[in-house]
Structure formats: C-alpha cells, structure tokens
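Reader: I am new to this structure and would like to know what stands behind the words used for it. Please take the terms one at a time.

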Amino acid sequence: MSHIPVLLQPILEYLSPADRVIDGTLGAGGHTRALLDAGIAEVLSLDIDSMALEIARANLQAYAGRVHIVHASYWDMVEQAHRLGWSQVDGILLDVGVSSMQLDHPERGFAFMQDGPLDMRFNPDAGILSAADLVNTSEEDDLANIFYKYGEEPQGRKLARGILASRPYETTRQLAGVIEKITPRRKGDKIHPATRVFQALRIAVNDELGGLERVLPQAINLLKPGGRLAVISFHSLEDRIVKQAFKLASTDCICPPNVPVCVCGHKASVQLLTRKPIIADEIEIAHNPRSRSAKLRVVEKLAV
Ligand SMILES: C[S@@+](CC[C@H](N)C(=O)[O-])C[C@H]1O[C@@H](n2cnc3c(N)ncnc32)[C@H](O)[C@@H]1O
C-alpha cells in the first residue's frame, strides 16, 4: 500500500498560495508534491528516514529546482531553512508519526503482524537505541512507565513484568507473541493486544513527543507574519501537545487567575485558526482508513 497524504484538501487550503513552505515530515512526498502542484514556489522537505528520502526523491524528480530534499530532523528546521537563506517562511507542515510505507516494510520493525527485527528507529544511523535494545536492557519500572505514558496501556505493569521474564527479544513477532500470551485478545477487543506496546516503544525509541514539544515554538518563530503552521497528529498524546502549545502561543497573559495585574508580560504570537481539530470526512476515511485518527490543528503568525 502506498502512502496516501491525509487531510490534503484542508492542508492545501491553509498553506497555499505561498512562496516558501517547509514540509518537516516528507515521507513518500505526497503532501510536498501536492503543495508544489498547488503553485507553492519552493518547498524545503525534511525526513530522518533514508528509505523515505530515496522514495520521495524518485517521486519528486519532476520538481527539481523547486524542492529541497534534506536528510534532517524537523527539530533542525531552523538551521536547514537558514542554509537556504530563508530567515522566515510562509508555511510549515508537520504530519507526524509513522508512515504506512514504514509499516509495510517488516525489516524496519514497526509492524507486529509481520516478522522483522525489533528496530523501530526512523533513523537507524542516529546512534539511538533500537526497540530491542530498549526492551532487553530496561528495568521493569522503566518499561512499565513507557507503556503507561506513551501507549496509555492500562496493563503496563503486568506487561512489563511478563515481557521481562521472556527476554531477550530479537524480532517483532517474538515480542507480539509474548504480549498475546500475557494479555490474550478478548471478544470485542477493537485492537490487537500488542498495539499499545508497539506504539509506546516507537515513541520512546524516537523521542517523538519530546521532539514535537521542542519543534513547535521554533516553527512558530520561523513563520513570517501571516504565515501558518499546520500539524497533523495521530493519537491523543501528540494532539494534546499540539493543542497546549497552540493555546499557549495564542494567549496574551498566562499569569495564574489569582494575580490581579499581569506580571508575566506574555504576548500571543499566533492566532488559532482551528478551534477544534479538523478531521477526515467519511469519504476520505473510506478511501484511506489511516486518516480515521488524524487531527489537524493550524495557527497563523501575528504581526507583532
Ligand atoms: C506520516 S509520515 C509523512 C507522510 C507524508 N506527509 C506523505 O505525504 O508522504 C511521517 C514521516 O515523518 C518522518 N519523521 C519522523 N520523525 C521525524 C523527525 N524528527 N524529523 C523528520 N522526519 C521525521 C518519518 O520518517 C515519516 O516518513
């Protein structure tokens, strides 16, 4: 299955027309291509996954000169923009998380329905621990915390204990099999018992939530007045980070309510364009089931 860009219509409505846009999560290049087709003059597109970059480069050959494809994290978007001589941009897109292309390659270790090495690193060259390293070396408490915090897994403690008892792990199916034994699938369960643990490990391995928290203020800084930041997220933990960061950036005073006169001096730098997140309609969900959990929030930079 190739990756179909989610919420494409609203993304194009919010981010075009424009001269310079950053796509911080290039993936297979679906959003970048659509932005270029919509007339955006130049797009700087980043991804930390070499496999994604290779596929995107092939997909975007026809746009040479208008698209700048760079192997870099969206955490480094300011530096990458400056390298092109861009001190400010008109728009930024982040479509965070894993792509269906990555899930479709069992050798990347993201999928539990097919067997592959238990890896899950978006960038295997980044010198970070793989999911197998994490599972094989963590203390029970740390694993349980990862499962609670990043997977919202109510049985995190039980799973951590059971998983530790069968170490070491090398492959995705090996881990998924142990999880199925510890928490067997019950009638009526909507998701596979390994879903939350796999999500939690992926988030921990790639520091996805920390990275998202760090990038949002930087991205807002990089926008010109009137420029827009659009973020698509896929689960409640990510969406909460985006919602809170946008709320903070769009609020003037952030003093506690019992302070009679503002002492913080905080000034809103953006205006919220989406009071509620934009979600996919039924037609999009029927065409691309992955869009079911997507949420889009957008802010616009104020002239201050
Ligand atoms: C949901 S996909 C994006 C799909 C893309 N919008 C498209 O239309 O094909 C998310 C992408 O973000 C990449 N990614 C994850 N963390 C990243 C980071 N810190 N910096 C840059 N890219 C990242 C992943 O490798 C993956 O290719």
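Author: What follows sets values against definitions, from the domains to the helices, the backbone and the ligand.
This is a predicted model, in which local features need pLDDT of at least 70 and side-chain atom pairs count only at pLDDT 80 or more, while totals for chains, interfaces and linings use all residues. Residues are numbered from 1 along each chain as its sequence is written.

Reader: How do you know where the domains of the protein are?
Author: Domain bounds come from an automatic or database domain assignment. The protein is divided into domain 1 (8-97 + 208-301) and domain 2 (108-206). Between the C-alpha centres of domain 1 and domain 2 there are 29 Å. The contact takes 5 residues from each of them, domain 1 and domain 2; two residues are in contact if their C-beta atoms, placed from the backbone, lie within 7 Å.

Reader: What makes up the side of domain 1 that touches domain 2?
Author: That side of domain 1 has 3 nonpolar residues, no polar ones and 2 charged ones. Ala, Val, Leu, Ile, Met, Phe, Trp, Tyr, Cys and Pro count as nonpolar, Asp, Glu, Lys and Arg as charged, and the others, Gly among them, as polar.

Reader: Which residues of α7 and α10 meet?
Author: From α7 come Ile146, Phe147, Tyr150 and Gly151, and among their partners in α10 are Arg196, Val197 and Leu201. This contact of α7 with α10 has 8 nonpolar, 2 polar and 1 charged residues.

Reader: Why are α7 and α8 called oblique?
Author: The axes of α7 and helix α8 (residues 156-165) come within 8 Å, and they cross at roughly 135 degrees. α7 and α8 are therefore oblique to each other. Their crossing is right-handed; a crossing is left-handed if the near helix is turned anticlockwise from the far one by less than a right angle, and right-handed if clockwise. Residues of α7 in this contact include Leu143, Ala144 and Phe147, and those of α8 include Leu159, Ala160 and Ile163.

Reader: What makes α8 and α9 oblique?
Author: α8 and α9 pack at an angle of about 125 degrees, and their axes are 10 Å apart. The pair α8 and α9 is therefore oblique, and the crossing of α8 and α9 is right-handed. Lys158, Leu159, Gly162 and Ile163 of α8 make the contact with Val178, Ile179 and Ile182 of α9.

Reader: What makes the backbone worth a look?
Author: Most residues other than glycine have a negative phi, and most peptide bonds are trans. Glu152 is not a glycine, yet has a positive phi of about 50 degrees; Glu152 sits in the loop between α7 and α8. Ser16 and Pro17 are joined by a cis peptide bond, with omega about 0 degrees. Another cis bond runs from Arg167 to Pro168, with omega near 0 degrees, and Pro168 lies in the loop between α8 and α9 (172-182).

Reader: Which residues around the ligand come nearest?
Author: Of the 23 residues around the ligand, Thr25, Gly27, Gly30, Asp49 and Ser99 come nearest. A residue is near a molecule or strand if its C-beta atom, placed from the backbone, lies within 6 Å of it. By class, this shell has 8 nonpolar, 12 polar and 3 charged residues.

Key
Helix = DSSP H or I, 4+ residues; strand = E, 2+ residues; numbered from the N terminus. Axes fitted to C-alpha atoms, helices over the stretch in contact; angles between N-to-C directions. Parallel < 35°, antiparallel > 145°, perpendicular 65-115°, else oblique.
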